[in-house]
Amino acid sequence: MSVRYKPYLEYKPSGVEWLDKVPEGWVIGAIKRTANLQAGFAFQSKDFSTSSGIPIVRMNNLSKGLLNLDSPVRVSDKLIRPEFYLNDKDIVLGMSGSIENIARVQKFDLPCALNQRVGRFFVHTIDADFLWYIIQSREYKEQVFLSATGTAQLNISSEQIESCVITWPELLSEQRAIASFLDRETEKIDRMIGKQERMIELLKEKRQAVISHAVTKGLNPNVPMKDSGIEWLGEIPEHWDIRTISRSTTKITNGYVGPTRGILFENGVPYIQATHIKKGVVNFDDAYFVRKEWSNAHSKSILREGDVLIVQTGAGTGDVGLVSNNEEGYNCHALIILAPRKGVISGGFLSEVLQSHYGYSKLYSIRTGGMHPHLNCSEVQYVKVPVPPRYEQDAIMEFIKAETSKLDRLGAKAKQAIELMKERRTALISAAVTGKIDVRDEAECVNCEYDMDGEPALLAAEAQAEYRTGSKD
């Protein structure tokens, strides 16, 4: 059942185009009439510590309306002036980069202090909870982005934020009533979003389990099994083979390893790097190219359809991508290239094995380096993989494609529901804090245009129902 809210009985012109009309008894003015913004202190990086001191709230600590101080940067309390300590329920917001990020300080966050490029509101003539919702409204956000300066990184000053125009009821009791209503309603929406986010995680886990079981146990639950003799792999079908990667491929080599200054251009032969490898596929973004002559001179790293790429170094070490027909002829940088022996194993199957629980664990176990992990071809070649007959590999790949497409469809539906719920959440907040709807007594009005339920909840319910029934069409 959709919920609709009534408008106020009387409105007056606001004199502000984007506000249109506001309820009688509401005030229109700049934020500085109700609250002032204090920017944080510019601590020196040499004073930062990860082990001792007071946590410092920086841009990356603002997450989903809360502070995330799990691994904060700290400074000695001797370096913090009293006015930069944060208090319970303080409203903080980003002023550089992700300027849309906001957070509300909680008791368990304390003590903590404010770093530069993060601001804190000092409220004086408005309810702090009402202001919290104002800065989540479309009307406030649009003004912030229009006022910000910079291209690669947006920046906004305290003065620019304080100059944003808002509207508010004169009565504090009315402000508190609206904030209390939004507390209840946004909590319901956030709870629905949380369920969908949890379902997306479950779908990812199920997807991984489907792939891992198929490529290590096969599709026939009644087939005789044998001990593989390999840690993390366990039993495999009796008729399957076990081969090292070196015996399963015709080539194991590296992409070009060396400085890229002077070899990259705006067009030419596409040049694949680690950032393009994710979740089994190659996602080239037209960012890097090399000259054809250079690529021909480094022919050992020219890619062929069916090649399997492994990220060799950095944060994504061990990530796997399968070269499709689209990437045929591309070259690559610092990636391990496996050319499957076609009569033995397909690139698709090898790629899925290396992305399975077993494959991930095995590649992880042979990484070197701590802060900067690295994989060597000399170690990867000895990794053992299960090898079914080719016809069975093809059947397994068809099964994986069918099952994961169902799970991916459910995941997409859940993401769509989340986006719609977020849009409805913002719409509800915007309507309430600009007086477009009267929520003081939460009375229902069939003539109000603000429908805050419906489609997102329906999408979420459909996704949940499909998931519970095993994703059956």
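Which residue in E8 stands opposite Ile 54? The first legend has the answer. These views show a predicted model, in which local features need pLDDT of at least 70 and side-chain atom pairs count only at pLDDT 80 or more, while totals for chains, interfaces and linings use all residues. Residues are numbered from 1 along each chain as its sequence is written, and side-chain values use heavy atoms, leaving out hydrogens and water.

**View 1. Strand E5 and its partners.** Ile 54 stands opposite Val 75 in E8. Strand E5 (residues 54-57) runs antiparallel to strand E8 (residues 74-75), and 2 bridges join them. With strand E11 (residues 113-114), E5 pairs in the parallel sense, again over 2 bridges; here Val 57 has Leu 114 as its bridge partner. Strands (E, at least two residues) and helices (H or I, at least four) are DSSP runs numbered from the N terminus, and two strands pair if DSSP finds at least two bridges between them.

**View 2. An open sheet of 4 strands.** The order is E4-E12-E9-E10, with antiparallel pairing. Strand E4 (35-39) and strand E10 (102-104) are the edges, each pairing on one side only. From one strand to the next, the twist averages 25°. Inside the sheet, E9 (residues 91-94) and E12 (residues 118-123) share 3 bridges, and Gly 94 has Val 118 in E12 as its bridge partner.

**View 3. Helices H4 and H10 side by side.** H4 (residues 172-217) and H10 (residues 390-433) pack at about 170°, with axes 10 Å apart. H4 is therefore roughly antiparallel to H10, a label for angles over 145 degrees. Axes are lines fitted to C-alpha atoms over the stretch in contact, and angles run from 0 to 180 degrees between N-to-C directions. Their contact has 26 nonpolar, 4 polar and 10 charged residues; Ala, Val, Leu, Ile, Met, Phe, Trp, Tyr, Cys and Pro count as nonpolar, Asp, Glu, Lys and Arg as charged, and the others, Gly among them, as polar.

**View 4. The largest pocket.** Its volume is about 1100 Å³. A pocket is an open set of points on a 1 Å grid where a 1.4 Å probe fits, with protein on both sides within 12 Å along at least five of seven lines; lining residues have an atom within 4 Å of a point. The volume is the space filled by probe spheres set on the points. Of the 30 lining residues, Lys 64, Gly 65, Trp 132, Gln 136 and Arg 425 are the closest to the centre. H4 gives the largest share, 7 residues.

Note on methods
Angles under 35 degrees count as roughly parallel, over 145 as roughly antiparallel, 65 to 115 as roughly perpendicular and the rest as oblique.
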